[in-house]
Amino acid sequence: MGVAGVGQGARTAVRCEQCGSAAVRSVGQFLHRGRELWWDAECHCPSCDLNTCEHSGPGATPEDVRTALLAAHGPTRLRLSGPLGDPVAALRALREGSGGSLRAARELLDELREFGLSGTAVEMAWWRVRLGERGVAAEVEEGFGRAYRYVGPPELREAAVREFSAARGSAAGGSAASNGGTPGGLPVRTAGEFAGWAGVRTAAELAEPFTFVVDLGGVLRLAPRRSEHVACAGGESVSSAGEVGFRRAGGGAWEVWTVSNLSTGYCPDVTSWPAVAAALDRLGLPHPGGFTHAVVFRRCPGCGRCGIVREGHYVCVFCDGDLPERWNVDDPVPA
Ligand SMILES: [Zn+2]
Ligand SMILES: [Zn+2]
């Protein structure tokens, strides 16, 4: 990565293939000559001094490399600088860049217009260059994930919204303060609010993780386990969703012992971690630094069903069709 210009790297712990000691794998992406997206990966073992270079050059970045970069730096978003004057030019740039079908390019265009594209900092810088060459101005925004819409059965969302508004109407100021079965997750905005909530949880409750969402305002919302995420979110879109468990560390301070993005209602990408980290940081809660249980959701382009990718096996469990490397669960519906 010793290249001038845009580059990003991350390091992960691995086992040395020669001596079995703890080794370091360094991965990165960078813009080669200002416009080509290259990636590299190499391992170094301090014990036996083995250096192995896996790759350095152009090509599609493997998912594990992207995941390491996103975990270390968070996602970056690319937004249009202004109204899109020439959608055809943008479509052309997106199609050339993705090397894919017109349909895939259209999906990217919809995403660009609606949320902005999201990915690693180098990927977004690369798209910015490619779009710029076609006369489409876009700007890189750091530190934003995407908004996840509810993608589960519609009747669950309808029920959640109905209960939520009913509870709003009946209990004046009733912000689900007891959280005892009241619909809508309890918003926890400060360390004090968290301590108040956690302090009255029983040992049995704390033994299992809770349902959570991070709302679009960056606030953690908590609900009893097995609550529907869409109910926890009051039917709204979220920045992330999953399950989170808390315990008292030595000294009595609260900490996070488990956290996942397991929500089949929202199917958030693993890249939503920074939103979760920011919400926990805001409460002063020490956390593991990443999802302890990271779930890879993909929608099958063949049969349209949403499933979980297990052990890096990007094949649909329902129809054996190939699944894409990029998160695609909530591709925008055609206008
Ligand atoms: Zn070694
Ligand atoms: Zn399928």
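Visitor: Of the contacts in the protein chain with a separation of 6 or more, what share joins residues 24 or more positions apart?
Guide: Two residues are in contact if their C-beta atoms, placed from the backbone, lie within 7 Å. This is a predicted model, in which local features need pLDDT of at least 70 and side-chain atom pairs count only at pLDDT 80 or more, while totals for chains, interfaces and linings use all residues. Residues are numbered from 1 along each chain as its sequence is written, and chains are lettered from A and ligands numbered from 1 in the order in which they are written. Among the contacts with a separation of 6 or more, the share for residues 24 or more positions apart is 59%.

Visitor: How many helices and strands does the protein chain have?
Guide: Both are DSSP runs numbered from the N terminus, helices being H or I with at least four residues and strands E with at least two. Counted this way, the protein chain has nine helices and 14 strands.

Visitor: Which residue of strand 3 is the bridge partner of Gly28?
Guide: Strand 2 (residues 22-32) pairs with strand 1 in the antiparallel sense over nine bridges, and Gly9 stands opposite Gly28 in that pairing. Strand 2 and strand 3 also pair in the antiparallel sense over nine bridges. There, the partner of Gly28 is Asp40.

Visitor: Which residue has a positive phi in the turn between strand 2 and strand 3?
Guide: The hairpin of strand 1 and strand 2 has six residues between its strands, and Gly20 in that turn has a positive phi of about 80°. Strand 2 and strand 3 form a hairpin with three residues between them, where the residue with a positive phi, of about 50°, is Arg33.

Visitor: What angle do helix 2 and helix 3 pack at?
Guide: Pro87, Ala90 and Leu91 are among the helix 2 residues that meet helix 3, whose side includes Leu102 and Ala104. The axes of helix 2 and helix 3 (residues 102-114) are 9 Å apart, and the angle is about 120°.

Visitor: Is Asp269 buried or exposed?
Guide: Asp269 lies in the loop between strand 12 (254-260) and helix 9 (273-282). Asp269 and Ser239 are 30 residues apart in sequence and 9.9 Å apart in space, C-alpha to C-alpha. A residue is buried if 20 or more other C-beta atoms lie within 10 Å of its own, exposed if 12 or fewer, and partly exposed in between, with C-beta atoms placed from the backbone. Because 26 other C-beta atoms lie within 10 Å, Asp269 is buried.

Technical notes: Two strands pair if DSSP finds at least two bridges between them. Axes are lines fitted to C-alpha atoms, for helices over the stretch in contact, and angles run from 0 to 180 degrees between N-to-C directions.
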